[in-house]
Amino acid sequence: MVETKPHAAHWGSFDAVVENGRVVAVRPFAHDPHPGALIHSVPDAVHSRVRIDRPYVRAGWLKGERRGSLRGSDAFVPVSWDHAVRLVAEETARVRGEFGHDAILGGSYGWSSAGRFHHARSQLQRFLGLGGGFTTQVTNYSYGAGMTLMPHILGTNEPIQGHVTDWPSIARHTRLMLCFGGLPLKNALVTAGGAGAHEYVPWLRQVAGAGVRFVNISPFRGDTPDFLEAEWVPIRPNTDTALILGMAHAILAAGLEDHGFLASHCVGWDKLRPYILGETDGTPKTPEWAAAITEVPAGTIRRLALEAAGVPSMLTATWSTQRAENGEQPWWMLVALAAMLGGIGKPGQGVVFGYGSINGMGTPRVDLPSVSMPGTRNPGGVAIPVARVTELLERPGEVLQYNGRDITLPDIRMIWWAGGNPFHHHQDLNRLLRGWCRADTVVVQEPWWTAPARHADIVLPATTTLERNDIGSSSHDRFVRAMHQAIPPQAQARNDHDMLADMAEALGFRDRFTEQRNEDAWLRHLYDRWCAACGRMGFEAPDFDRFWAEGYVETPKPDREFVLFSDFARDAEAHPLNTPSGKVEIFSETIAGFGYEEIGGHPAWRAPREYLGAEKAAQWPLHLLSYQPATRLHGQLDQGRVAAADKIQGREPILMSPQDAVARGLSDGDVVRIFNERGACLGGLRISEGIRPGVVAMATGAWWDPAGDGLDRHGNPNVLTQDVGTSRLGQGCSAQSCLVQVERFDAALPPVAVTEPPAIAEAAA
């Protein structure tokens with residue numbers, strides 16, 4: 001019997017085709033104008049040979065080998081669910097009793113599922129919060145530095161993740177779009193909470209057809225699609241701040257700054273202006289000065305500045321541009337440049353961070369909430385920036401400075417991870433593993449034998465989304481999607497909610513955790529809450545039974561263009577920003593007051609320790625950029641057919657210019673070793689004319705596969721990236737500040753082991 005079930009994932013909505021209890025194919029959602037290829041890897045992932053079939057416990061842990069154990073080398077012992085639940089509940093109670101609630105790290109990330117009920121992060125944090133508290137994480141790896149900075153200077157994170165100036169406004173009003181980091185297509189295939197409609201490419205084509213000119217300021221030509229016919233400015237990585245300062249100087253020299261806007265809508269221009277002119281430090285930030293740092297010709301910098309000042313211009317930067325040492329600086333300076341142009345809040349003008357970084361940015365939509373779980377208070381109250389996890393594990397009792405606060409780091413005795421893969425997201429994986437091994441116990445809820453599961457003590461097999469009912473929903477998408485269970489749970493996999501409910505029962509708070517609702521009752525409750533919220537905002541959604549039967553709800557399209565900060569631009573006194581001054585803070589007294597040497601009160605050029613202009617480049621002459629892949633979402637679907645087809649001899653591709661390949665005697669398709677003082681990995685060489693010399697690029701997300709000598713056999717660039725904060729302000733990840741060397745790998749090619757299950761021991765008595 002063949003049947004179809006409506007479903008949704010972060011990479012698209014689809015109907016699952018089920019035959020004899022297996023997902024055999026998927027069909028794109030009928031209302032998606034530009035579905036991506038990733039959905040076709042879904043059957044491979046659901047029925048993967050590396051699915052975790054039952055609960056397991058690390059053999060060494062059962063023998064009492066806890067803190068300091070080298071996880072990842074033991075065999076796993078299969079146990080029953082009752083045994084696993086008892087072990088986890090007892091260990092949770094022990095750690096809380098001996099070391100306090102803060103000794104439990106509730107690690108997770110938001111990409112586990114498009115479903116809003118069976119969402120691992122929400123479920124785990126609900127469980128740990130109701131159980132007494134835990135150490136949690138704030139910000140994210142994607143734009144953590146920017147999301148800490150932006151409330152200080154614009155009063156909100158809307159320019160990064162919210163309702164931004166939409167494509168109709170850009171098509172009608174913009175004439176020039178300066179794109180720092182480009183406008184990548186691959187990232188816009190993904191929406192947190194599920195994509196019903198991929199509208200990014202259709203809108204880009206409309207904007208290009210309206211006559212907007214695009215400039216791609218990036219080391220990689222492919223960061224804008226060919227159909228935009230964008231001018232390519234191959235900038236040296238990590239030097240965007242210098243280029244923007246050079247543009248600002250050119251505008252000042254021509255007398256083209258918007259004096260009125262700077263006076264009425266901004267504070268701090270009187271402090272940034274003398275820095276640009278060199279009056280405060282003796283170094284005018286001229287286009288010639290910027291050219292020496294960026295390797296972009298001074299004439300190009302000056303021309304772009306004058307063009308931007310001469311026509312309605314939209315300034316944008318991808319999220320990746322702030323994932324670098326001093327990553328706050330380019331975003332702050334881009335806001336300052338937009339203020340100089342006077343375009344903030346005007347139709348088709350201003351500044352936005354994230355066009356092309358995720359689907360839905362710029363898509364016309366009505367402001368409506370998404371379906372979501374109710375929040376749960378964390379009585380523990382300790383929260384660290386997510387990119388500082390290794391420091392948390394390494395430095396118990398020490399102080400971490402973040403955004404004006406001193407955080408005393410607790411002694412983590414238990415790591416509990418669900419719905420995320422730190423051995424994908426985090427930097428310097430060898431260092432992370434050393435910190436990871438300091439815990440007494442690591443519990444991981446996971447459908448597959450990913451690196452976190454292989455380096456855990458207790459492994460709990462979770463269902464995939466196709467094995468449960470849920471609701472897909474995102475504030476960036478106009479469709480709310482019913483996610484019907486397509487197949488039974490595979491082997492002994494269980495839903496996160498159900499396994500945590502049993503643990504809550506063992507610890508005495510099951511009813512508070514479940515609120516005495518089963519899956520169906522929870523879905524109806526969450527949907528009804530969403531309907532009520534929409535009703536208060538003027539949209540009447542159908543009832544749950546109709547929604548579930550039809551498979552989706554489509555929310556209305558807006559009847560007018562949206563322009564970010566339009567009310568503020570029109571009247572700054574009546575509609576102030578949520579900053580101390582109510583205005584754009586080109587100079588922030590708050591940030592200056594933190595006293596951080598590396599970030600002052602206004603944007604400035606600060607050279608990274610690792611970039612092509614640093615002394616280290618003599619030893620490590622290639623700048624490695626690690627980017628989000630087109631063939632999977634982070635590490636998800638790496639075992640699928642789309643990702644597999646892109647690999648070279650089973651290794652993740654690395655892009656290199658022909659000049660750099662010739663200098664190393666390398667040929668297209670070679671397996672190469674990429675290395676620095678932090679680690680080494682293998683990759684498959686792909687030579688490209690579209691990447692500037694001195695730069696190599698490798699997608700993240702290949703499942704980490706360390707050999708005994710520390711070499712990653714599969715191609716995970718995060719064995720190479722440095723684990724330092726962007727600054728004490730943002731404490732974001734600095735993955736894009738990374739120098740390496742590349743050589744041909746001439747030894748016998750080792751097999752990739754992560755595509756097979758780990759060693760399994762005999763069952764426990």
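Why is strand β27 (residues 679-687) largely enclosed by the rest of the structure? Buried here means under 20% relative accessible area, and 7 of the 9 residues of β27 are buried, so the strand ends up largely enclosed. Keep in mind that this is a predicted model.

**Strand β27 and its partners**

- β26 (residues 671-676) runs antiparallel to β27, and the two pair over 6 bridges.
- Getting from β26 to β27 takes a hairpin of 2 residues.
- β29 (residues 711-712) is another parallel partner of β27, with 2 bridges between them.
- Cysteine 681 turns up again here, standing opposite aspartate 712 in β29.

**Helices α5 and α14**

- Two packed helices are described by the angle between their axes and the distance between the axes.
- For α5 (residues 144-153) and α14 (residues 328-341), the angle is about 35° and the axes are 9 Å apart.
- The crossing of α5 past α14 is right-handed.
- On the α5 side, the contact is made by Ala145, Gly146, Leu149, Met150 and Ile153, while α14 brings in Glu328, Trp331, Trp332 and Val335.
- Sorted by class, that α5–α14 contact comes out as 7 nonpolar, 1 polar and 1 charged residues.

**What UniProt says about domains**

- An unreviewed UniProt entry puts the feature "domain: Molybdopterin dinucleotide-binding" at residues 622-738.
- In the model, the end C-alpha atoms of residues 622-738 are 8 Å apart, and the span is 10% helix and 27% strand.
- The annotation "domain: Molybdopterin oxidoreductase N-terminal", also from an unreviewed UniProt entry, covers residues 7-47.
- For residues 7-47, the end C-alpha atoms lie 17 Å apart, with 12% helix and 44% strand across the span.

Conventions
Residues numbered from 1 in each chain as written. Predicted model: local features only at pLDDT ≥ 70, side-chain atom pairs only at ≥ 80, totals over all residues. Heavy atoms only, no water. Buried < 20%, exposed > 50% of the residue type's maximum accessible area, 1.4 Å probe, protein only. Helix = DSSP H or I, 4+ residues; strand = E, 2+ residues; numbered from the N terminus. Pairing = 2+ DSSP bridges. Axes fitted to C-alpha atoms, helices over the stretch in contact; angles between N-to-C directions. Left-handed = near helix turned anticlockwise from the far one by under 90°. Contact = heavy atoms within 4.5 Å. Nonpolar A, V, L, I, M, F, W, Y, C, P; charged D, E, K, R; others polar. UniProt positions renumbered as here; feature names shortened; annotations may be inferred.
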